[in-house]
Amino acid sequence: MPEVKIIAKNFMDMVASLPAMKLDKLYDNAFICEAILRSLPPLAKKYVLQMLYIDSPITAKSMEVWVLPDGSSKHRVAIDRLIQLRVFSETVDRRKETTYKINPTFQTNLQKLLTHGEVLPREPMPSNITVRLPSMEDLDVYAIGQWECFLLQLISSAQAERPSNISSSMMKVFQRGLLSQRDKEAPRLTESGFQFLLMDTNAQLWYIIREYISNSEERGVDPADLISFLLELSFHVTGEAYNSNTLTEVQRNTIKDLTDLGLVKLQQGRKESWFIPTKLATNLSVSLTDSSSRKQGFVVVETNFRLYAYSTSKLHCEILRLFSRVEYQLPNLIVGAITKESLYNAFENGITADQIISFLQQNAHPRVAERIPTVPENVTDQIRLWESDLNRVEMTPAHYYDEFPSREIFEAACDHAREWNGLLWEDSKPR
Amino acid sequence: MPSAPTKLYADDVSLLVVLLDTNPFFWSTSSLPFSKFLSHVLSFLNSILLLNQINQIVVIATGCNSCDYIYDSSLSTNPGIENGKLPALCSELLKKLEDFVTRDEQLNKQHSLPPTTTSSSLLSGSLSMALCYIQRVFRSGPLHPHPRILCVQGSSDGPEQYVAIMNSIFSAQRSMVPIDSCYIGSNNSAFLQQASYITGGVYQKPQQLDGLFQYLSTVFATDLHSRAFLQLPKSVGVDFRASCFCHKKTIDMGYICSVCLSIFCKHHKKCSTCGSVFGQAQSDVASASNLKRKTPET
């Protein structure tokens, strides 16, 4: 059976899968062009820049001259990506020569950006109107808090300290795939749900945002509008206040949902109201590979399989409970032990040993993060051993045929199965 | 998934230090007006910032008496439109550049140096400033972009800076910082050719100055990661001539101290750098074979 896995797919893949009409419309917005350009592979960025002021189509042959023999595969990837995103259009003329031309809207928008420099999508509000603006630290704390509250609510609605404004139908959409609910039973995390919890914040955010966008049509919102607003939001400056009056109706509704995720903070003045983008929002357009939002770790694992987590967060406690036995909880410390039983529990739920180990490594307390290895070797080895214990028997779905009328038919059937790479076992001894 | 605690940024993140030649002696004779040149360069700087949001740019002006930082994208305030219509990069850079040029001119009057020595710009100074900046970035932490230096130079080489420039080049080579050079003057620059050759950068002399932006964006905007896959201009020939230490003249052939490798255009009794005493030249009619073979008599 194919394993169901949550892959933190790139946002841009989603943009690329939009219908051509909508994609062309998106490029009317200069910020989208900028975000798309930044998401491209390095070589593709280079080509766009190089062709920005060339109006006539360029033949594929002359482009191949630009690359060294070593780079031809990268060249292919870059060109494919550009065509996929409709930044380049490919035409084959009568003499079978392929030419590429850059999307004219995309081109003019980028040309403008080059000559005028970067501009902000919105003017920040002057500081004499906005009062009580939160400091950067406060804003970070707010964003993380909001996000964790959301996650906690996502995995177990009863645990959340304060209910967020996300409608229960919305929540159901997010929970789809992460939780499974049987009749009259408390919802249980699915395999992908566990994997989701162990991902880093950026990847989790992308997953949620993707669900949010793919669900937008049911709410009567155009996904292209949503994508363009989210990308635009990522170009705002963290910690500055922006007037809510500049938003459209749809955007104002979206902002409310984003507040619950911790992407923005809403504040109300005497007359005006404004929103303040947090680090989570401005990191959106940074591609997934950049882990610029690395947070401080909190877990210490000792060689005796004991685990100390310096955290006050309920969510952390829940996550640790997935694969360890939490023994006691102090105001700022969670003490647990990694045991065979707790791990078997985790494996049963579909978490792999590698996921647990990478979670422990990524969230290592700064004191142990300097050490190599961050997680003691005997612990990682034992976790892997316990996992392989469970995999001693491998199951493969199969069909069993017997009572062949003749030896020839038996051999022909075996050969056929072998050809299809489907022969698991044969017994040719005559009975 | 990234698991190691120390990780460099993604491959194509770059820190670009641009050295701009502001030598008035060159720009008064150049076919390309300085204002046009600036607009090409500003577009180029914009394009670098556009490619990646963590790309960083530092601009250093090279005058004929001094050099100074005129723009640093990591220090610049929010890219809002503050005064008038010019975006922050342009307005900030142009203002600093103007201040710099006036200061440089005043220095020129104060020193009242003979006009022959001032026709070259202080490349050694700006190169060292760029390297100092890069060293500071290296030491700032484990997460830093790949640095490279781009010299946009127009004025001719100043042979008197030979030693200082060579030292900068070697320290750039040691810290693996490529020096790209875009030479827009009339002849080739031996210093820049050597700098790019030694550090593995690209040297190019644009044929059509009107299309300077296209040269800059095609050749010099290439990040270090992509250079492994792209066909970039190769150096046709490098002028390896050195300047002598005694009269700062560029020479094809000369005398070299075998102890400290200092170069002289004439035979000396004693090395002016390390103090080694040389023996008598075997014949005063300098033949090519024994010119370089001088042994100290200690």
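Domain bounds here come from an automatic or database domain assignment. Keep in mind as you look around that this is a predicted model.

**Stop 1: chain A, domain by domain.** Start by colouring four stretches of chain A: domain 1 (11–116), domain 2 (136–282), domain 3 (299–390) and domain 4 (396–431). Now turn to the end of that list: the C-alpha centres of domain 3 of chain A and domain 4 of chain A are 47 Å apart.

**Stop 2: an annotated stretch.** Next, select residues 381–429 of chain A. An unreviewed UniProt entry places the feature "domain: Transcription factor Tfb2 C-terminal" there. Show this stretch as a cartoon: 47% of residues 381–429 of chain A is helix and 0% is strand.

**Stop 3: a sheet in chain A.** Now look for three strands of chain A that make an open, antiparallel sheet in the order E1-E3-E2. Strand E1 (58–59) and strand E2 (88–92) of chain A are the edge strands, each pairing on one side only. Zoom in on E2(A) and strand E3 (residues 98–102) of chain A, which are joined in the antiparallel sense by five bridges. Which residue of E3(A) stands opposite Phe88(A)? Ile102(A) does.

**Stop 4: chain B.** Finally, move to chain B and colour domain 1 (14–228) and domain 2 (241–298). Where they meet, domain 1 of chain B contributes five residues to the contact and domain 2 of chain B contributes seven residues. On the domain 1 side of this contact in chain B, four residues are nonpolar, one is charged and none is polar.

Note on methods. Residues are numbered from 1 along each chain as its sequence is written. Chains are lettered from A and ligands numbered from 1 in the order in which they are written. This is a predicted model: local features need pLDDT of at least 70, side-chain atom pairs count only at pLDDT 80 or more; totals for chains, interfaces and linings use all residues. UniProt positions are given in the numbering used here, feature names are shortened, and annotations may be inferred rather than shown by experiment. Helices (H or I, at least four residues) and strands (E, at least two) are DSSP runs, numbered from the N terminus. Two strands pair if DSSP finds at least two bridges between them. Two residues are in contact if their C-beta atoms, placed from the backbone, lie within 7 Å. Ala, Val, Leu, Ile, Met, Phe, Trp, Tyr, Cys and Pro count as nonpolar, Asp, Glu, Lys and Arg as charged, and the others, Gly among them, as polar.
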